[in-house]
Amino acid sequence: DWPPMSPSAKYIYVGKERLFATYHGKEGQPAVLFFHGFQSSKNDRFRFSYDLAEKLSEHGISSLRIDFRGCGDSDGELNIENQVEDGLGALNWLSQHHSQLAM
């Protein structure tokens, strides 16, 4: 088992707007990108994604949880087009730090 990683706040820019994200990570490890459900946020109601990120970090797997634009702590407006752009922006950020990715 790995020592768990402390979560850190990250801002990922999509155009001029910021996505707020929580990163449990160490560069080079395999990583998972989490997307929350509609009308939710990275800190879902029952903390499922937070608890899962903690468990993954105990096994050497990094994770990134984002708030889509218009949700949680992110800027902007919530709509389908933005969600696609947000997902691609987060995936791009994660791929700069990790070579093995899952969503």
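1. Pairing of β3 with β5. In this predicted model, Ala31 has Leu101 of β5 as its bridge partner. The two strands concerned, β3 and β5, run in the parallel sense and are joined over two bridges. Helix α2 packs on the sheet, where it touches β1, β2, β3, β4 and β5, and its direction makes about 120 degrees with that of β1.

2. The sheet as a whole. Five strands make up an open sheet in the order β1-β2-β4-β3-β5, and their pairing is mixed. Because β1 and β5 (residues 101–102) stand at the edges with a single partner strand each, one side of each is left without a neighbour in the sheet.

3. Order along the chain. The chain contains two helices and five strands, and from the N terminus on these elements run β-β-β-α-β-α-β. Of the 103 residues, 41% count as buried. Among contacts between residues at least 6 apart in sequence, 68% join residues that are at least 24 apart.

4. The β1–β2 hairpin. Strands β1 and β2 pair in the antiparallel sense over seven bridges, with Tyr13 standing opposite Arg18 of β2. The two strands form a hairpin with two residues between them, and Gly15 in the turn has a positive phi of about 65 degrees. A positive phi, near 80 degrees, is also found at Gly60, which follows α1.

5. Strand β4 and its two partners. On one side, β4 pairs with β2 in the antiparallel sense over four bridges, and Ala21 stands opposite Ile66 of β4. Strand β3 is also joined to β4, by four bridges and in a parallel run, and here Phe34 has Arg65 of β4 as its bridge partner. Five of the five residues of β4 are buried: Ser62, Leu64 and Ile66 point one way from the strand, whereas Ser63 and Arg65 point the other way.

6. Ser63. Leaving aside neighbours within four places in sequence, Ser63 is in contact with Thr22, Tyr23, His24, Val32, Phe34 and Ala53. Ser63 and Pro7 are 56 residues apart in sequence, with their C-alpha atoms 9.3 Å apart in space.

7. Helix α1 against the sheet. Helix α1 lies across β2, β3 and β4, and runs at about 175 degrees to β3. Within this helix (residues 48–58), the buried residues include Ser49, Ala53, Leu56 and Ser57. These four cover an arc of only 100 degrees around the axis, and therefore lie on the same side of α1. The cover over the buried residues of α1 includes β2, β3 (31–34) and β4 (62–66).

8. His24 and Glu54. His24 is placed in strand β2 (residues 17–24), and it counts as buried because its relative accessibility is 0%. The side chain of His24 is joined to that of Glu54 by a polar contact of 2.8 Å.

9. The nonpolar core. The largest nonpolar core has 14 residues, of which Ile12, Leu33, Leu64, Ile66, Ala90, Trp93 and Leu94 touch the most other members. At least two residues of this core come from each of β1 (8–14), β2, β3, β4 and α2 (80–95). Not counting residues up to four places away in sequence, Leu33 touches Leu64, Ile66, Gly87, Ala90, Leu91, Leu94, Ala102 and Met103. In soluble globular proteins, nonpolar side chains tend to be buried together.

10. Glu77. In the loop between β4 and α2 lies Glu77, which counts as exposed because its relative accessibility is 54%, over the 50% cut-off. Apart from residues up to four places away in sequence, Glu77 touches Arg69, Gly70 and Asn82. Glu77 and Glu17 are 60 residues apart in sequence, and from C-alpha to C-alpha they are 9.7 Å apart in space.

Conventions. Residues are numbered from 1 along each chain as its sequence is written. This is a predicted model: local features need pLDDT of at least 70, side-chain atom pairs count only at pLDDT 80 or more; totals for chains, interfaces and linings use all residues. Side-chain values use heavy atoms; hydrogens and water are left out. Buried means under 20% relative accessible area, exposed over 50%, partly exposed in between (1.4 Å probe, protein chains only). A polar contact is a pair of N or O atoms within 3.5 Å; within protein, one must be able to donate a hydrogen and the other to accept it, and residues adjacent in sequence count only if both atoms are side-chain atoms. The arc is that of the directions from the helix axis to the C-beta atoms. Contact means heavy atoms within 4.5 Å. A nonpolar core is a set of buried Ala, Val, Leu, Ile, Met, Phe, Trp, Tyr and Cys residues joined through side-chain atoms within 4.5 Å. Two strands pair if DSSP finds at least two bridges between them. Axes are lines fitted to C-alpha atoms, for helices over the stretch in contact, and angles run from 0 to 180 degrees between N-to-C directions.
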